Amino acid sequence: MYKHQRLQPRFQEKRLYTQRAIVGIGIIALMILVLLSRIAYLQITDHQKYAMLSERNQLRLVPIAPTRGLIFDRNGKLLARNVPAFHLAIIPEQVTDLDKTLDELSSLIPIDATQKEALLEKIDESPSHQRQYIKLKLTEEEVSAFAVNQYRFPGVSLQVDLIRDYPYGSLLAHVLGYVSEANKEELSKIDKKRYNGTYQLGKIGLEKFYENQLQGTPGIQQMETDVLGREVRALSTFPAIAGTDLHLSIDIDLQIAITHALADKRGAVIALDPRNGEILAMVSTPSFDPNHFVRGIDPTSYSALRDAPSRPLFNRAIQGQYPPASTIKPIVGLAGVATGKVDVNHKLFDPGFFQLGGQGRHYRDWLKHGHGWTDLEKSIRESCDIYYYTLADKLGIAQLSTWLSRVGLGKATGIDLPGEQKGIVPNSAWKKKALGTVWYPGETIITGIGQGYILATPLQLSVMASYIANRGDAFRPHFNKEAPLSKLPPLKLDNPNHWSTIIEPMRQVIAHPKGTAYRHFAGFTIPAAGKTGTAQVFGIKQNEKYEHDKVEHHLRDHSLFIGFAPVDEPKIAVAVILENQKASAVVARQVIEAYLMEPQPYVESTEILPAS
């Protein structure tokens, strides 16, 4: 039997239904209200924000690299330019097997493991649609090899761009430096906006020092993209602003002449205009081709340059620190006269050696039996060591170091070139700080002839020559011809005529038959002044004799020369250093001739005088 259920009255069912309907409608209305509120918020309050995001989904700002400023010599000859070059590029998202593609490319174009590793690292850190460079500045052969096989490499293409080029190659490597791809450390320091669209910056030399001027300002191109981020078309362009050109004081013809004069010798030459401090030429040999660094030098070639015993990457002109040897004797003589420690006409007897207090160690002259009776004029002309041992002893190291510092030694010149060394002008305080020991009188003696702890760069020696040429004035050396002139602290004398007491014998060094450079300047018609120097590389024992040809090459003496011309109206000041070689005066003569006159055939005098 079925049980009978009691049914609710119809009006109760209708009431329950109505209540449920009202609740449902209320919920729906509430949801609609929330939705409308959100729509209103998005459309009104946040409209600008989301409109911008929407636009970004369609547009991309692509940086345009600026054209780097050009570099010219003093006569308008182009020293650094930008030339079209082919680069090999890859878009990772278009490549199915990246490793395989790179391996197959390596069979056509040399790609070493280091380049491959750097590329893969960049790809990992960047969006897959962003173009990456595999290799820069391809050779004609590499371009041809890839062009024929391009169909085999989807996603890989040739890109044309402007790249730095140095038409004079190694002739100006230590002056101009080079630009190259920024490394991780550099990328972390540079202004990302400033370097948008470019991958290179000045690494050394003037390219680095004047980076801000040469770099320029990048532009922007607004590109339309598809949903996958690929570029479709350009919508607008704000062009880049090219870098400012740099006009140098360098005379490239003089630079070439000096390089030829140095030939295969290791050394450096500085030629500057003493009237304003403009660098006319700066040569350091051996050198290197900076173009190899622009396109990315391979590790093997770089290691060969870095580890070469001749140190071609080393700029001897501003980084080489050498004993100045006898080139400082005119300043030591000037200090003696100006302080009253010695009279111009006073003569002392040179027996070939000097002893402190008349006893103990013999400090020898370069001329075995000495120069006999010697005054200041003769001491400079013939480079008498005994005269300067005696004078250094009278002056003391405090006065000696002060006077050498006053002509620019022991301090940076402030040249507009990175990496300058400041040399050493020693004294008792310096030795205590640097070596933790006291100063000995014997060290004062050898400082008087430019040996011992004293060190100077060729650039500093050229500034010292300028001080003498200008009778106490000198300008800060510089390459930028458009830079304002900057005077160095002057060396003022109570009696300005004292300058003549060292300039005249420096003229005799070249023009007098007994002058140490006379044989190298035979037939020279320009009135010039100079001073030779011979710097010992190693110490020799008390009774040991130095024989140039019997000493290992790397232990042979350095040869130095400073000078200026013409004597009365100097237009050029020169400093020369030849490592382990003789006859720096020969090079100096060729430098002066190349700048002031037509070079004459070199005929050496038959009279042989050792240079000191």
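Analyst: Accessible areas here come from the Shrake-Rupley method with a 1.4 Å probe. On that basis, the protein chain of this predicted model exposes about 31100 Å², and carbon and sulfur atoms supply 54% of that area.

User: What share of the residues is buried?
Analyst: Of the 612 residues in the protein chain, 46% are buried. The chain has 21 helices and 19 strands.

User: Which residues line the largest cavity?
Analyst: The lining consists of V342, H346, L348, Y387, T390, L391 and K394. Helix α16 (residues 385-405) gives the largest share, four residues. By class, four lining residues are nonpolar, two polar and one charged.

User: Changing topic, how many aromatic pairs does a search of the whole structure find?
Analyst: The search finds 15. One of them, Y178 with F288, is edge-to-face, at 6.4 Å centre to centre and 85° between the planes.

User: Why does that pair tie together separate parts?
Analyst: Y178 belongs to strand β6 (residues 178-181), whereas F288 sits in the loop between β12 (278-285) and α11 (291-294), so the pair joins parts 110 residues apart in sequence.

User: Are Y178 and F288 buried or exposed?
Analyst: Y178 is buried, at 11% relative accessible area, and F288 is buried too, at 3%. Together with F293 and Y302, Y178 and F288 form one aromatic cluster.

How values were computed: Residues are numbered from 1 along each chain as its sequence is written. This is a predicted model: local features need pLDDT of at least 70, side-chain atom pairs count only at pLDDT 80 or more; totals for chains, interfaces and linings use all residues. Side-chain values use heavy atoms; hydrogens and water are left out. Helices (H or I, at least four residues) and strands (E, at least two) are DSSP runs, numbered from the N terminus. Buried means under 20% relative accessible area, exposed over 50%, partly exposed in between (1.4 Å probe, protein chains only). On a 1 Å grid over the protein atoms alone, a cavity is a set of points where a 1.4 Å probe fits but cannot get out, and a pocket is an open set with protein on both sides within 12 Å along at least five of seven lines; lining residues have an atom within 4 Å of a point. Ala, Val, Leu, Ile, Met, Phe, Trp, Tyr, Cys and Pro count as nonpolar, Asp, Glu, Lys and Arg as charged, and the others, Gly among them, as polar. Rings of Phe, Tyr and Trp (its six-membered ring) pair if their centres lie within 6.5 Å; planes under 30 degrees apart count as stacked, over 60 as edge-to-face and the rest as tilted.
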